[in-house]
Amino acid sequence: MSARRRGPLKPIYVAATAEHAGKSAISLGLCLALRERGYNVGYFKPVGELARHVDHIVADADALQARELLGLPDAITDLCPVVLSAQMIDDVVGGKKIDALKPIQKAYARVSEGRDIVVVEGLGQLVRGSFLGASGYKLVSMLDAGTLLLAKYGGTVMLDRILASHKWLDGGLLGVIFNFVPRGRLDHVTGQYREFLGRKHIKVYGFIRGNPKLSAVTVQSIGRRLNAEVLSAEDHVNRMVESVLIGAMNQEHALRYFQRVAGKVVVTGGDRSDIILAALETPTVAVVLTGNFRPSPSVLARAQEKEIPLLLTGVDTLSAINELQELFGRFRVSEPGKIKLITRLIEEHVDLDGLVRSLGKK
């Protein structure tokens, strides 16, 4: 463990080039990895958008998760002082004046007291929060923070957004971490992209490959998302699903197709007994049955025998796929194993010491 630097350092403001870039997971992983280096690390989310009602207050779901996983003593209203509830959005859009900056500034002062470093989780892209008068650009300036940009792999548009952020931050960009990098593009990103950004005086701190275990969700989460009824193997809904496949072919092709992918959920019409049975004979975690078509008793019996949950939903197949793509599009780190994995990936693939050196003393 490296020796802790004396004196508080600038906060790290974690922003992103795109939605679902792994911002929450990386923020939590940074907190834990920096703790391992001996720093007293705080977590702060100025503006939240995942409103949850807890003990008669509106709290942000990411902040609640961070407080639990990091064991933080801070009040939830300090960890995330402004939460974009439906009522607040209506008020702002309707013309009501809301000063979001003052509560953010006061809460940050309490969270940062006695801390060496505070990891500040932004809303995403730096323009987010502008309608509230609390954009990422404004918060970075107000908190005297350095910005760490998560670049979700996506070709040249990703580079455009990095360069635009670098320009508008005017020296406030610490650097970039590439996330969700496909295995086949890793050499390209670590070589050409790093060299290109280097010529623009933008530091690259690391590269993290896409990892299906980090975006995996439980069968139970899928059922809740689709408002589905569990028809079989109810005691196996806590299993993790890593990928989604559509069952829309004949049984022979389905068997070959399904055999290639483990840890999957198959989405198909509830009237496609041939596809359901093919899925049950391959490494499948669950099957989503769309259109509210109940399968035959023999299919239900086979699913129960194979200990594979069948989830019956009233939505059509296309709508179910769209919902699941949104669900799987995020890093979810509520399970201890996931947060350990993302922390290890950060420790192995991110230049943490260089990142800390770039912060300087406040």
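Predicted model: local features only at pLDDT ≥ 70, side-chain atom pairs only at ≥ 80, totals over all residues.
One point of the pairing can be followed at the residue level: Lys152 has Asn179 in S9 as its bridge partner.

Another open sheet contains five strands in the order S12-S17-S16-S15-S14, with mixed pairing. Its edges are held by strand S12 (229-230) and strand S14 (243-246); each has a single partner strand, so one side of each is left without a neighbour in the sheet. Strand S16, which covers residues 284-290, and strand S17, which covers residues 310-312, pair in the parallel sense over three bridges. Here Val287 stands opposite Leu310 in S17. A helix is also placed against this group of strands: helix H14 (residues 317-328) lies across S14, strand S15 (264-269) and S16. The direction of H14 is at about 160 degrees to S15.

| Strand pair | Sense | Bridges |
|---|---|---|
| S16 (residues 284-290) and S17 (residues 310-312) | parallel | three bridges |

## A pocket and a cavity

Rolling a probe the size of a water molecule over the atoms shows where empty space is left. The second largest pocket holds about 160 Å³ of space. Its lining consists of Arg183, Leu186, Phe207, Ile208, Arg209, Gly210, Asn211, Leu345 and His349. Strand S10 (204-209) and helix H15 (336-349) are the elements that give two or more residues to this lining. Of the contributing elements, S10 gives the most, with three residues. Sorted by class, the lining of the second largest pocket has four nonpolar, three polar and two charged residues.

The whole structure has one cavity of 30 Å³ or more. The volume of the largest cavity is about 30 Å³. Tyr13, Pro46, Val47, Gly122, Leu123, Arg128, Ala134, Ser135, Gly136 and Leu139 line this cavity. By class, six of the residues in the lining of the largest cavity are nonpolar, three are polar and one is charged.

## Salt bridges

The search of the whole structure gives 18 salt bridges. One of them joins the side chains of Asp60 and Lys45, with an N to O distance of 3.3 Å. Asp60 belongs to strand S5 (residues 57-60), while Lys45 sits in the loop between strand S2 (41-44) and strand S3 (47-48), so the pair ties together parts that are 15 residues apart in sequence.

Note on methods:
Residues numbered from 1 in each chain as written. Heavy atoms only, no water. 1 Å grid on protein atoms, 1.4 Å probe; cavity = no way out; pocket = protein on both sides within 12 Å on 5 of 7 lines; lining within 4 Å. Points joined across faces, edges and corners; volume = space filled by probe spheres on them. Helix = DSSP H or I, 4+ residues; strand = E, 2+ residues; numbered from the N terminus. Nonpolar A, V, L, I, M, F, W, Y, C, P; charged D, E, K, R; others polar. Pairing = 2+ DSSP bridges. Contact = heavy atoms within 4.5 Å. Axes fitted to C-alpha atoms, helices over the stretch in contact; angles between N-to-C directions. Salt bridge = Lys/Arg side-chain N within 4 Å of Asp/Glu carboxyl O.
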